[in-house]
Amino acid sequence: MLTFIEMEFLKLKRSNIFLLSLVGAITPPFLMFIAVLAFGEATSFETMFTNGNMYMTAIFAILLYAIMISYLFGREYNEHTLKTMLTIPISRGKFLISKYIMFLVWILILTIVTSVSTVIFGFIAGLEGFTLKIFIDGFAQLLYANVLLFLTFSPFVFLSLLITNMVPAMVGGAGLTLVNLMVYSQSWAPFVPWVCPYLIASGEIAGYSTSVNVSYGVILVTFIIGLAISYIYFTKKDVAV
Amino acid sequence: MVDYVIETNNLSKKYSNNLVVNSVNMHVEKGKIYGLLGKNGAGKTTTMCMLLNLTYPSSGEISLFGKNPKDYSKEIYSNIGSIIETPGFYENLTAYENLKIISKIRGDFDPFNINSVLKMVNLENAKSKKYKDFSLGMKQRLGIAAAIMHNPELLILDEPINGLDPFGIKEIRTLLKRLSHEFGITILISSHILSEIENIADVIGFMDAGVLIEEISKEDLHNRLNKFVEFEVSNSDLAVNILKELGLKENKDFTKNDDVINLYSNLEFRDKFNTLFVNSGIDVKKLNLCEENLEDFFTRFVSNN
């Protein structure tokens, strides 16, 4: 499996999408930096992390991850590499799982990039009060939210296998971002899979009447359904040549 | 007993109500080059995809190296190299990096092997060039490099000469013949270009509308090609009359086209006909014993079946 992951990294070499994702990961801290300078939105590193993480997990990550998933899975169809890879031979299940793991690794990289750039932009903005604890807490919160988000993206894997074009992923991601913004303050927000990760990681879920376990359940069910349908579809469907 | 590397039994593929491969019984002998010949849409690619487990059969059985590929998938497919239509590689990566990915995942990565296989297909100078900058011919050659890189015992090549220039076609033909004759690699190659299949294959499978009509060895094929005598004469009308007086029927035993008369029966009497023509004052400019070409044979064969 390590070789698979290593090769997935090689596949990303000179890839514009990878660079784009890095820019996407830096964008929320950068916007916070602008907000600090222009509106004095954050006065401490703690606020910078809290707000930056919220923008990342509740808004940017949805669109970004939808594009990443579409690229990771869809490119094998669009560049006709699936027929090359599957005749090596590789087990279809193993191939799919390696893609899932690569997606998680990619998310971890972006999490690090976002957290480190938050610190850098914070210092450039002249914020004070930086401590290692603030960094670790902010990073852990973002990491936790992103890992939960990763689980909620398995239905997108199925969609990217079904429609290999990246445009539907972008439209879907943008649509879902809007949905997130709309339902965020609603009482039923803990039932929406793509809102739950932020609510749980930030602790805001405590402000809702719904138990946190319900949100975990929603995330888990979403993951299992997405994983199952993507696995069945990928292993049973003929490869288009 | 004949050792078949590929054997199928009533192999069929149906998409909705469209039967694209219909009860194909294919037999590819070890060490032979088997040419699968058919028009576009005859079912060649689908058949090959089923052999490679890219497409699942609707019914029928496949045996590769005498084993069921469902039970010995890894063992069997590790021994096969393939190209299905245009080869698929990662466009942002170089030729070397693409081959590295394949060999790493297969578990036999060896930089020397990659370099030597790139040299074999004349891509050693393009190994650092990105795949998206390759010409169609270069892509095809990289596909062949990927297919033979792991020294497979069986090559399944779907239209491998597509996009190649005449020099490229000749190179690939020579390479495939070498792989078969020197290294004993069995090759299943498909094409709609009849001359190519005729040039390279030991056995030809004729496929049309999803049906494998017949498998014919090269020797048998030449025995079955129609032979005829071509006369080029100064007075074809008079020559036709002479033949008719001898009881031969136009459009059955012979045909006339301007000054050319093609004789399809009584070929052993061609010298007698020639004497009769000359004695009747007809100049015989040309007399050839000809063989039907594969194109005509294929057309006749498919329409008869």
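Which domains does the domain assignment of chain B give? Select chain B and colour domain 1 (4-223) apart from domain 2 (226-304), since those are the two parts that the assignment gives; such bounds come from an automatic or database domain assignment. Before going further, note that this is a predicted model, in which local features need a pLDDT of at least 70 and side-chain atom pairs count only at pLDDT 80 or more, while totals for chains, interfaces and linings use all residues. Residues are numbered from 1 along each chain as its sequence is written, and chains are lettered from A and ligands numbered from 1 in the order in which they are written.

If you colour by pLDDT (the predictor's confidence in each residue, from 0 to 100), chain B averages 89, and 99% of its residues score at least 70. The model as a whole scores ipTM 0.84 and pTM 0.84.

**Between the domains of chain B**

Six residues of domain 1 are in contact with five residues of domain 2, where contact means that the C-beta atoms of two residues, placed from the backbone, lie within 7 Å. On the domain 1 side, the elements that give two or more residues are α7 (194-200) and β9 (203-208) of chain B; helices (H or I, at least four residues) and strands (E, at least two) are DSSP runs, numbered from the N terminus. That side of domain 1 divides into four nonpolar, no polar and two charged residues, with Ala, Val, Leu, Ile, Met, Phe, Trp, Tyr, Cys and Pro counted as nonpolar, Asp, Glu, Lys and Arg as charged, and the others, Gly among them, as polar.

Next, select B:Ala209, which sits in the loop between β9 and β10 (211-217) of chain B and has a positive phi of about 50° although it is not a glycine.

**Between the chains**

Now show both chains: 22 residues of chain A are in contact with 28 residues of chain B. On the chain A side, α1 (2-11) and α4 (82-86) each give two or more residues, and α1(A) gives the most, with five. By class, this side of chain A holds 10 nonpolar, six polar and six charged residues.

**Inside chain A**

Select α3 (residues 45-78) and α6 (residues 132-152) of chain A, which pack at an angle of about 20° with their axes 10 Å apart; axes are lines fitted to C-alpha atoms, for helices over the stretch in contact, and angles run from 0 to 180 degrees between N-to-C directions. The two helices, α3(A) and α6(A), are therefore roughly parallel to each other, a label for angles under 35 degrees, whereas over 145 counts as roughly antiparallel, 65 to 115 as roughly perpendicular and the rest as oblique. Among the residues that meet here are A:Phe49 and A:Met56 in α3(A), and A:Leu142 and A:Ala145 in α6(A). The contact divides into nine nonpolar, five polar and one charged residues.

For a second pair, select α5 (residues 92-124) and α10 (residues 212-236) of chain A, whose axes come within 9 Å and cross at roughly 135°, so that α5(A) and α10(A) are oblique to each other. Here A:Arg92, A:Gly93 and A:Leu96 in α5(A) meet A:Ser230, A:Tyr231, A:Phe234 and A:Thr235 in α10(A).

Finish at A:Pro89, in the loop between α4 and α5 of chain A, where a cis peptide bond with omega of about 10° joins A:Ile88 and A:Pro89.
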